[in-house]
Amino acid sequence: MSPRIAVFARVPSVGRVKTRLASAIGPEAALACYLRLLDLAIEATADFDTEVWFDGDVGADWNERGLAIRQQSGEDLGERMHGAFVDGVTLVIGSDIPLISKRYIVQAFELLRTTDVVLGPTEDGGYCLIGMGHPHDELFHGISWSTSHVFDETVQVCRRIGIKCEVLPLLWDVDDYCDYQRWLEMRPDEPTIVPCTS
């Protein structure tokens, strides 16, 4: 079986995704933005053994899209990602990265041939991708999740426990209105994004 990818996603519903962005453009437009970003992640991983791991029940309509759907389990993001790796996943990627691509995924797999862990850092201090051949439990405990310290703390743990870590090019995610505007300027042809009119 080919290495598995888990696309980590929130259940896409109004008021539950992109809440910081929603305060500027409205919850419906924020949901449309999130769904497009999730589609980009799914498109980037379409040639691989990919599963979408949601943080709740998304209902039968998502199964009708022919996607492999799984449900995350755990108290925090670290526990949920750790659970995916224990289940046999090789890469976990986020679902709100405009520049995620098949090439980026291929780079990660290539690095994993010669390293223990690969990370895809983001400009906000987190990471959008983590990959490993087998679970390293220490990387998912004691990390300040949802802060600007996630990437640095993870690299520090790798050094402390003596495992080799390689880093992919820096990407960025869409969290707030500035990120959203950056994406619109980069991709003015995006069909499902509703521009802010305020």
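Tutor: Some ground rules. This is a predicted model, where local features need pLDDT of at least 70, side-chain atom pairs count only at pLDDT 80 or more, and totals for chains, interfaces and linings use all residues. Residues are numbered from 1 along each chain as its sequence is written, and side-chain values use heavy atoms, with hydrogens and water left out.

Student: Is strand E6 enclosed or open?

Tutor: Terms come before the case. Strands (E, at least two residues) and helices (H or I, at least four) are DSSP runs, numbered from the N terminus. Buried means under 20% relative accessible area, exposed over 50%, partly exposed in between (1.4 Å probe, protein chains only). Six of the six residues of E6 are buried, so E6 is largely enclosed by the rest of the structure.

Student: How many bridges join E5 to E6?

Tutor: Two strands pair if DSSP finds at least two bridges between them. E5 (residues 117-121) and E6 run antiparallel, joined by five bridges. Gly120 stands opposite Leu129 in E6. The two strands form a hairpin with five residues between them. In that turn, Gly125 has a positive phi of about 95 degrees.

Student: Which way does E4 run against E6?

Tutor: Antiparallel; three bridges join E4 (residues 89-93) to E6. Leu91 stands opposite Gly131 there.

Student: Where does Ser146 sit?

Tutor: In the loop between E6 (127-132) and helix H6 (150-161). Ser146 is not glycine, yet its phi is positive, near 65 degrees. Ser146 counts as exposed, at 76% relative accessibility.

Student: Is Lys18 buried or exposed?

Tutor: Buried, at 11% relative accessibility. Lys18 lies in the loop between strand E1 (4-9) and helix H1 (19-25). Its phi is positive, near 50 degrees.
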